Amino acid sequence: MIMIVLAPCLLSPFYVYRGPKEKEYKTSEKLLNFLSEHKTEIKILTYPCPEYELIGWPRPPMSKEVFEKLGMREKAENIADFIGRVLTEEKPEKVIFLGVKGSPTCGVFNTTSSNPEKFPYKAVQEFFYLSKGERIKRSKELMREQGFEIVPGEGVLFEILKKRFPDAVYLEFDKDNIDESIEKLKKVVEDAV
């Protein structure tokens, strides 16, 4: 059995911090189509969204450093424990972790970075009351104001997962390049079958 452990926002775009945009809907649709085509070869494990578990929804865009300051490491350790328990009990022959490019928690090779001392923490509460359109606009402003940048490295959860499960395959889904991301996943699944 092949088990794909994937970030929940890839299947359910409503976990995305600001709410889904078109690329999240397309990601979900194309990934669900791929998974249904391979349903006899794979099992799927989605874990609880670490960011939702810690902050709720909706939430402003925050970097890895901001999430760590808010206590993400402990939440991520608990989620890694859950994943480990499932893998121990199910004993898959191959494990594929599928994270999200640029995610502060689920980035596999790329995450976000900013100075946590400059983050406007009151935005966490304010975001709850904004409409979807206002959240999308405010997200762009916050990223610009905070100097958010995509940097090489893992998000908080995937940093932990890579240490605990070094023999697994790690893939990063790029929502700005959906077809290429699906092709990479397809190749790994076909090579494992």
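1. Start with Leu 161. Leu 161 counts as buried because its relative accessibility is 0%, and buried means under 20%. Bear in mind that this is a predicted model. Leu 161 is found in helix α7, residues 156–164.

2. What does Leu 161 touch, leaving aside its neighbours within four places in sequence? It is in contact with Ala 80, Ile 83, Phe 97 and Tyr 170. Leu 161 and Ala 7 are 154 residues apart along the chain, and their C-alpha atoms are separated by 12 Å.

3. The largest nonpolar core has 49 residues. Ile 4, Ile 83 and Phe 97 touch the most other members. Helix α4 (residues 72–90) gives the most to this core, with 7 residues.

4. Now look at Ile 4. Setting aside neighbours within four places in sequence, Ile 4 is in contact with Leu 35, Ile 42, Lys 43, Ile 44, Leu 45, Ile 96, Leu 98, Leu 185 and Val 189.

5. Next, the strands. Strand β1 (residues 2–6) pairs with strand β2 (residues 42–46). The pairing is parallel, over 5 bridges. The chain crosses from β1 through helix α1 (residues 22–37) to β2, and this β-α-β crossover is right-handed. Within the pair, Ile 2 stands opposite Ile 42 in β2.

6. Check the length of helix α8 (residues 178–192). At 1.5 Å a residue, its 15 residues should span 21 Å.

7. Which residues of α8 are buried? They are Ile 178, Ser 181, Ile 182, Leu 185, Val 188 and Val 189. These residues cover an arc of only 125° around the axis, which means that they lie on the same side of α8. An α-helix has 3.6 residues a turn, so residues three or four places apart point the same way.

8. Compare the other face of α8. The face turned away from the buried side carries the exposed residues Lys 187 and Asp 191. What covers the buried residues of α8 includes β1, α1, β2, β3 (94–100) and β6 (169–173).

9. Last, Pro 92. Pro 92 lies in the loop between α4 and β3. Is Pro 92 buried or exposed? Pro 92 is buried, because its relative accessible area is 15%. Leaving aside neighbours within four places in sequence, Pro 92 is in contact with Met 1, Met 3 and Leu 87. Pro 92 and Ala 192 are 100 residues apart in sequence, yet 12 Å apart in space, C-alpha to C-alpha.

Conventions. Residues are numbered from 1 along each chain as its sequence is written. This is a predicted model: local features need pLDDT of at least 70, side-chain atom pairs count only at pLDDT 80 or more; totals for chains, interfaces and linings use all residues. Side-chain values use heavy atoms; hydrogens and water are left out. Two strands pair if DSSP finds at least two bridges between them. Helices (H or I, at least four residues) and strands (E, at least two) are DSSP runs, numbered from the N terminus. A crossover is right-handed if, with the strands pointing away from the viewer, the path from the first strand over the helix to the second runs clockwise. The expected span of a helix is 1.5 Å times one less than its number of residues. Buried means under 20% relative accessible area, exposed over 50%, partly exposed in between (1.4 Å probe, protein chains only). The arc is that of the directions from the helix axis to the C-beta atoms. Contact means heavy atoms within 4.5 Å. A nonpolar core is a set of buried Ala, Val, Leu, Ile, Met, Phe, Trp, Tyr and Cys residues joined through side-chain atoms within 4.5 Å.
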